[in-house]
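Thanks for coming. I have one structure to go through today, and I will keep it short.

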Amino acid sequence: MEILKFENTIPKSWLEGIQEVHRAVFDGDLLKEEKLQNRNNFLAILAIVDGKVAAFKFGYEQPDGAFYSWLGGVHPNYQRLGIAAACMKAQHNWCRGKGYKLVRTYGRNEKKAMLIVNLKAGFNIIKTFVDDKGRHKIVFEKNLLAD
């Protein structure tokens, strides 16, 4: 497995592979490419296996200075191999190198595997809320200085 990091822009050659993973993880939905633009300190992590995108993890800086680990997924063919944890580790190492002290992410109860990955990685649950689509969300934060 190879981990690739892209700051601010993802090369177009990887976008179809990202879409394949996104469709497989998020019930056939396409990722709107405009959501990947105009993000402050945007970071894309890609896990590549045999030349194909096996997983992705995206994040960007929030107005309060925390790094928001926004969106990620591992294709079902590559799950349970530690790829999500490897992508998270790469993201957190990049964040530390950029001086971030806090990483924040949101989870949903129906995505239990990701909730478990977050807890094992040292995230704490700080609150819950219901979003504008009526989905219950769990807010996780991790102090990067505590590692």
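First, the ground rules. This is a predicted model, in which local features need pLDDT of at least 70 and side-chain atom pairs count only at pLDDT 80 or more, while totals for chains, interfaces and linings use all residues. Residues are numbered from 1 along each chain as its sequence is written, and side-chain values use heavy atoms, with hydrogens and water left out.

The protein has 3 helices and 7 strands. Those are DSSP runs numbered from the N terminus, at least four residues of H or I for a helix and at least two of E for a strand. Along the sequence the pattern reads β-α-β-β-β-α-β-α-β-β. The C-alpha trace spans about 35 × 35 × 30 Å along the principal axes.

Now the sheet. It is open, with 7 strands in the order E1-E2-E3-E4-E5-E7-E6 and mixed pairing; two strands count as paired if DSSP finds at least two bridges between them. Strand E1 (2-7) and strand E6 (124-130) each have a single partner strand, so one side of each is left without a neighbour in the sheet. From one strand to the next, the twist averages 25 degrees. At the E6 end, 6 bridges join E6 to strand E7 (residues 136-143), and the two run antiparallel. Phe129 has Lys137 in E7 as its bridge partner.

Helix H1 (residues 15-25) lies across strands E2 (43-49), E3 (52-61) and E4 (67-74), and runs at about 90 degrees to E3. Angles here run from 0 to 180 degrees between N-to-C directions, with axes fitted to C-alpha atoms, for helices over the stretch in contact.

What about the interior? Of the 147 residues, 44% count as buried, meaning under 20% relative accessible area with a 1.4 Å probe, protein chains only. The largest nonpolar core has 23 residues, and Phe67, Ile83 and Cys95 have the most contacts inside it. A core is a set of buried Ala, Val, Leu, Ile, Met, Phe, Trp, Tyr and Cys residues joined through side-chain atoms within 4.5 Å. E2, E3, E4, helix H2 (83-97) and E7 each give two or more residues to this core, and the largest share, 7 residues, comes from H2.

Leaving aside neighbours within four places in sequence, Ile83 is in contact (heavy atoms within 4.5 Å) with residues including Met1, Ala47, Val74 and Tyr78. A second, separate core of 21 residues includes Ile10, Val21, Phe26 and Leu46.

Note on methods. Buried means under 20% relative accessible area, exposed over 50%, partly exposed in between (1.4 Å probe, protein chains only).
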